[in-house]
Amino acid sequence: MGKHKNLDAAQIADRLAQVEAVEVKTNENLAPYTSYKIGGPTAVWVAPGTEAGIGEVLAIVNAANIPLFVLGLGSNLLISDNGWPGVSLYLGSNMSGWNFRGPIATVQAGTPLLDLIRNAVDNGFGGMELMAGIPGSIGGALRMNAGAFGQDIEQVTVSVSGFRRDGTPFSADRHQINFDYRRAPELDRVVITSALFQFTKENAGVLGARMEDILALRAGKQPLNNPSCGSVFKRPAGYYAGALIEETGLKGKRIGGAMISQKHAGFILNVDNAKAADVYALIQLIE
């Protein structure tokens with residue numbers, strides 16, 4: 001228990017505001033930070049502008065014994081209508097960018113995955129092009145070992161850097177991380193700040209055509225016109241979640257402003273100012 005555990009939102013915000021190059025807000029609505037466009041307010045929203053600042057923020061929050069929520073690009077989240085009563089640490093546009101040295105890239109955790117893939121492809125660097133269209137940030141992609149069409153982020157990862165929840169530095173080489181299907185347990189309690197990736201040199205035109213084919217394939221099969229978090233369920237062994245849901249006859253089923261997609265039953269869409277409770281009710285119905 002930290003000695004500051006009883007600090008109110010204004011007090012903890014004041015402390016966090018003392019960190020260099022940081023932006024702090026109180027009672028910030030989280031819906032705009034998620035692909036679902038759903039979610040209530042957080043007591044404190046904090047966006048450090050440097051990796052060192054992230055460590056400082058984590059140390060302050062840990063010492064104060066305040067609940068912490070790490071928010072990337074919010075593409076795999078359903079945030080309660082009641083919001084989050086603690087601190088939300090935002091790692092998006094404030095921690096976005098990359099630096100290529102030949103086929104090796106150092107990438108910040110808030111970088112949109114597709115932005116990195118497009119840049120790599122334009123420069124003739126392959127290894128991620130089949131993952132085009134997977135939403136979210138590099139940090140999120142690492143946390144869940146994102147992948148598609150036989151490519152996983154594990155395959156190009158050299159190392160991952162960040163901080164533990166108490167603000168102490170963390171780093172691990174690829175062989176120290178047990179990447180599995182949509183998970184990487186060693187990263188579960190880590191706030192990722194950057195990663196090193198190794199691409200392979202290939203023809204940019206070939207890579208570009210491959211990437212555009214994947215994007216077109218996704219657009220043809222997936223409902224991309226309404227806010228969603230993509231496929232809600234992991235694929236069960238030997239099956240596809242969308243096909244199983246379709247067999248139940250639930251396509252098009254609606255609760256409040258949320259609807260199971262007619263195009264792909266694995267997607268639950270925000271079609272009319274849905275509440276988190278609407279989406280959750282459909283999840284429970286499907287289960």
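Visitor: Does Ser75 count as buried or exposed, and where is the place of Ser75?

Guide: Buried means under 20% relative accessible area, exposed over 50%, and partly exposed in between (1.4 Å probe, protein chains only). At 12% relative accessibility, Ser75 therefore counts as buried, and it lies in the loop between S3 and S4. This is a predicted model, in which local features need pLDDT of at least 70 and side-chain atom pairs count only at pLDDT 80 or more, while totals for chains, interfaces and linings use all residues. Residues are numbered from 1 along each chain as its sequence is written, and side-chain values use heavy atoms, with hydrogens and water left out.

Visitor: Which residues is Ser75 in contact with, leaving aside its neighbours within four places in sequence?

Guide: Contact means heavy atoms within 4.5 Å. By that reading, and with neighbours within four places set aside, Ser75 is in contact with Ser35, Pro135, Gly136 and Cys229.

Visitor: What order have the strands in the open sheet of 4 strands?

Guide: Strands of a sheet pair through backbone hydrogen bonds, either parallel or antiparallel. Strands (E, at least two residues) and helices (H or I, at least four) are DSSP runs numbered from the N terminus, and two strands pair if DSSP finds at least two bridges between them. Here the order is S1-S2-S4-S3, with mixed pairing, and the edge strands, each pairing on one side only, are S1 (22–29) and S3 (68–71).

Visitor: How many bridges join S3 to S4, and over how many do S2 and S4 pair?

Guide: S3 and S4 run parallel and are joined by 4 bridges, with Phe69 opposite Ser88 in S4. Strand S2 (residues 41–48) also pairs with S4 (residues 84–90) in the parallel sense, over 4 bridges; Val44 stands opposite Val87, and Val46 opposite Leu89. Because 5 of its 7 residues are buried, S4 is largely enclosed by the rest of the structure.

Visitor: At what angle do helix H3 and helix H5 pack?

Guide: Axes are lines fitted to C-alpha atoms, for helices over the stretch in contact, and angles run from 0 to 180 degrees between N-to-C directions. Helix H3 (residues 113–122) and helix H5 (residues 204–221) pack at about 150°, with their axes 8 Å apart. Angles under 35 degrees count as roughly parallel, over 145 as roughly antiparallel, 65 to 115 as roughly perpendicular and the rest as oblique, and H3 and H5 are therefore roughly antiparallel to each other. In this packing, Ile117, Arg118, Val121 and Asp122 of H3 meet Ala204, Leu207, Gly208, Met211, Glu212 and Leu215 of H5.

Visitor: Which residues touch the most other members in the largest nonpolar core?

Guide: In soluble globular proteins, nonpolar side chains tend to be buried together. A nonpolar core is a set of buried Ala, Val, Leu, Ile, Met, Phe, Trp, Tyr and Cys residues joined through side-chain atoms within 4.5 Å. The largest one here has 36 residues, of which Met128, Leu142, Phe197 and Phe199 touch the most other members. Among the elements that give two or more residues to this core are strand S6 (104–108), helix H4 (138–143) and H5, while H3 gives the most, with 5 residues. Phe199, not counting residues up to four places away in sequence, touches Phe100, Pro103, Ala105, Leu116, Ala120, Phe125, Gly126 and Met128. A second, separate core of 21 residues includes Val22, Ile66, Leu68 and Val191.
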